[in-house]
Amino acid sequence: MSNNKLKTREEINPEYTWNLNDMISNLGEWEQLFETVYSEIEVLTNYQGRLMESSKTLYECLNNKDNFLVKLYRLMVFSNMNLHQDTNNTDSQGLVQKVSSLQVNAAAALSYIEPEIMSFENSILISYMNSNKDLEKYKHYFEDILRQKSHILPKEQEELLALAGDFAGTPSNIFSMFMNADLILPEVIDDNHNTITLTHGNYLKLLKSADSKVRKTAFEAMFNTLDRNKNTLTSVYLSSLKKDVFEMRARKFDSCCEANLDGKNINISVYDNLIETVNESLPLLHRYVSLRKKMLGLDELHMYDLYTPMVKDMDEKVSFENGKNLVKEALMPLGEEYLGLLNKGFNDGWIDVYENKGKRSGAYSWGTYGVHPYVLLNYQDTLNNTFTLAHEMGHALHSYYSDESQPFIYHSYPIFLAEVASTVNESLLINHLLKITTDKEKRKYLINHYMESFRTTLYRQVMFAEFECKSHELVEKGEAVTSDVLNQIHYDLNKKYYGKDIIVDELIKFEWARIPHFYTSFYVYQYATGFSSAVAISQQILEKGESAVTNYKTFLKSGSSKYPLETLKATGVDMTTSAPIKNALKVFEALLDEMETLV
Ligand SMILES: [Zn+2]
């Protein structure tokens, strides 16, 4: 749809818009809430230095803080969502600015609380918890603070670290400025043989082209450019590695990986086990690569041929009404209660469906404690968008269950678990579609869609996780890290992962240099653990029915009231073992088996 045909926000049928009034019903109410929150900041600072006075004072402070944050987040979410539905609306821009500075003030005012609790003798905190029933709800919160105590340094050293923290974000800032603002990418050709400028945004689209010349030109243009800038890109990544090693040493961890995972109380064995299990299953990925070569009918398969669809796109339209029905049918195995909530979400103003002038792109689920969750879509009548609907409703219902079941302090689910519920829904949708589809071409399309998720979300992210491990280890051991060294690691990983039926073009060695996630260290493995957990959970739901659903709901209701691995265990998925990854890969193998017979 071209931009001039787009409707304005006012022209959109309200039936397809979300109802933000469920959060705050008018501007007068917004102003009033803003004043309340503003005045409460000072009340909260009054507890500073007094938390140890009595269990009553401690409880009062924490409870007031929670009530304060509920109101602050409501202002923040409401204002931002108003802006997202029409980013050109100056009134909404004003609200967001006001609430942003309020947030900065609030964060500064509350920053004393955790360090002050951390300075308690453990025995005092325990006796407070035992003597004051009100404090019980904060038990896990306290445990988590105390757990991290052994890596907290004496006061002066912590102050020094906080000062150093000021420039800890520098490598990531330089990388982003360089890649997005300064790096000049060359001109390439597109599908229509027009000359266009390569961008980070159109790169993947060009790699998906059916024309191998388009793919090859884009690939070479990207990596030759990175090659010409290898000194800058290596220096900035190396400075990020050194920052991690500095923090790891300062806080007395054995490795950067351990330091990072400890923050969420994830044992390093989860990381190692993931890499090991996926390595054992590389023959499956090699089979997939061979199949891709065969299906594309190429004499030689190159690294730039990995993204082009192996199956022709389905141009069948899926209207929003049909999309909702497909999602409802697909999620039937989750039981009546879940379906009831899903219907409520579909009918009660949770979702903002269509694109309009000025609306934020993409899709998300977001919300605020005490009010139902919201979903932003830019629905365009495609099957892909139906998957997005299932995905975002997975997030939304996860939030709904956790909000309903947990006190504010534990209502939001941790990042390690963030993509589980959304992927369970996608996985149930693909299972349903495969069940009702007999047409051979359509089946091929669906299987390809699912197999690509395994390749990109599981295999590729684990390959990146291995790269991160190796590059950090080099700096930890004090070895020289040059672009040649990093290139060699990445090249060898590609050879190992993709196998013999692909020509691993030399230029792929620079791929590490363009991955933004490497500046949030040890993050990408969570895509793989989340995906494997979700596939394993959805299989259990389909095979075992009600008992698996009951366990899954316990998971959905847990928020962050337990450590992530424990929460996941409620579903029978134990990420310290290889079983969930193996179970997920069995699904991949079955897809591969079928696809091999279909071609
Ligand atoms: Zn998501």
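Visitor: What separates His391 and His395 by about one helical turn?
Guide: They stand four residues apart in helix H17 (residues 383-405), so about one helical turn lies between them. A helix is a DSSP run of H or I, at least four residues long, and a strand is a run of E, at least two; both are numbered from the N terminus. This is a predicted model: local features need pLDDT of at least 70, side-chain atom pairs count only at pLDDT 80 or more, and totals for chains, interfaces and linings use all residues. Residues are numbered from 1 along each chain as its sequence is written, and side-chain values use heavy atoms, without hydrogens and water.

Visitor: Is Phe522 buried or exposed?
Guide: Buried means under 20% relative accessible area, exposed over 50%, partly exposed in between (1.4 Å probe, protein chains only). Phe522 has 1%, so this residue is buried. His391 and His395 are buried too. Phe522 sits in the loop between helix H20 (483-498) and helix H21 (525-544). Its phi is near 50°, a positive value in a residue other than glycine.

Visitor: Why is Asp381 called partly exposed?
Guide: Its relative accessible area is 26%, so Asp381 falls in between. Asp381 lies in the loop between S5 and H17. Phi of Asp381 is near 60°, again positive in a residue other than glycine. Most residues other than glycine have a negative phi.

Visitor: What makes S3 and S4 edge strands?
Guide: The open sheet has three strands in the order S3-S5-S4, with mixed pairing. Strand S3 (351-352) and strand S4 (364-366) each pair on one side only.

Visitor: How many bridges join S3 to S5?
Guide: Two bridges join S3 to strand S5 (residues 374-376), and the two run parallel. Two strands pair if DSSP finds at least two bridges between them, so S3 and S5 qualify. Ile351 stands opposite Val375 in S5.
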